[in-house]
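The following exercises concern the fold of one protein chain. Each task is followed by a solution in steps.

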Amino acid sequence: FYRAAASPPSSNFLLLGPSGAGKTAFTTLLEAKSSPASKKSQLTHTSQASTLVSVSLPPTVPTASNRYRSVNDPSLKDASRNPIRYCLKDTPGHGKLRTSQGISELQSMSSSKDVKTKIRGLLFMVDTAALVDEACLRDAASYLHDVLLVLQKRSMGKGKSSTKREAEIPVLIAANKQDLFTSLPPGSVREKLEAEIDRIRKSKTKGLMDASMDTGLETEEDVLGDDDAQGVFTFKLLEQVGIKVDVVGGAVKGDPQEEFGSGVRRWEEWIGMCL
Ligand code: GTP
Ligand code: MG
């Protein structure tokens, strides 16, 4: 049985995404990597509740605070004895559980003033082989749209009311299952999600305009990507409201020839840059 280090980690990451994306598989893999002694089952099943795990960053993964250190730096050797730990919250992706779990977790974690529960970054995982299917793409994009809207409302609300700007919450779209030959490469995952979110956004804008007739009130803040929804939606557009989105490919179930867990390395590097 594994026990966490003396001081509890206070860097929290939230893991969201549609059902079957590989969130629990990823969480389980990180746990196994963090404590090789534990013989955790790699089998997953549809999650119905959120779980919080404490894991460690591999000592070879740089963090934002130590990126300029040389590999010979003694403090890096120190890191392998006393690794940087963080918490990851795995949430169920089923459509019926999103509002009550993923979205509400995001709302409470992103508005938390407590450093212990504050959120450092958000990972949105997708199955890049499933996105070929129209229905799966629509499902993933609508969940992502709702998630990004929560972040946008948070950052736009901040500017008005408080003088102190809250730390931004970076978003990683973890393009999982790159091991499958039917998977879409990260670049096309980005394009497909952007195009689909654009569609959602346009139909929402139209709905809002119809509903409010010509009063034009309270429409803007409900539309993702700030001002006019005339242009095409891109994740880049969200940088104007302080939301940075990265799309990075990986695989939880990597090539058995490769080093254990190497398929998630680039996501761990992203996490490291948030620490
Ligand atoms: P919910 O709990 O329903 O939200 O789903 P989830 O995102 O937790 O998915 P889960 O981790 O249960 O994974 C779904 C299936 O995808 C499992 O059978 C995993 O073994 C499989 N899987 C996860 N990652 C990969 C991967 O990188 N490649 C392949 N080929 N399969 C994967
Ligand atoms: Mg799960």
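**Exercise 1.** Determine how many helices and strands the protein chain has, and in which order the elements run.

*Solution.* Helices (H or I, at least four residues) and strands (E, at least two) are DSSP runs, numbered from the N terminus. On this basis the protein chain has six helices and six strands. Read from the N terminus, the elements follow the order β-α-β-α-β-α-β-α-β-α-β-α. The model is a predicted one, in which local features need pLDDT of at least 70, side-chain atom pairs count only at pLDDT 80 or more, and totals for chains, interfaces and linings use all residues. Residues are numbered from 1 along each chain as its sequence is written, chains are lettered from A and ligands numbered from 1 in the order in which they are written, and side-chain values use heavy atoms, with hydrogens and water left out.

**Exercise 2.** Describe the sheet and identify its edge strands.

*Solution.* Two strands pair if DSSP finds at least two bridges between them. The six strands form an open sheet in the order 2-3-1-4-5-6, with mixed pairing. Strand 2 (51–56) and strand 6 (245–249) are the edge strands, each pairing on one side only. Strand 4 (residues 119–127) and strand 5 (residues 171–176) run parallel and are joined by six bridges. Within strand 5, Asn 176 stands opposite Asp 127.

**Exercise 3.** What percentage of the 275 residues in the protein chain is buried?

*Solution.* Buried means under 20% relative accessible area (1.4 Å probe, protein chains only). Buried residues amount to 46% of the 275 residues.

Technical notes:
Buried < 20%, exposed > 50% of the residue type's maximum accessible area, 1.4 Å probe, protein only.
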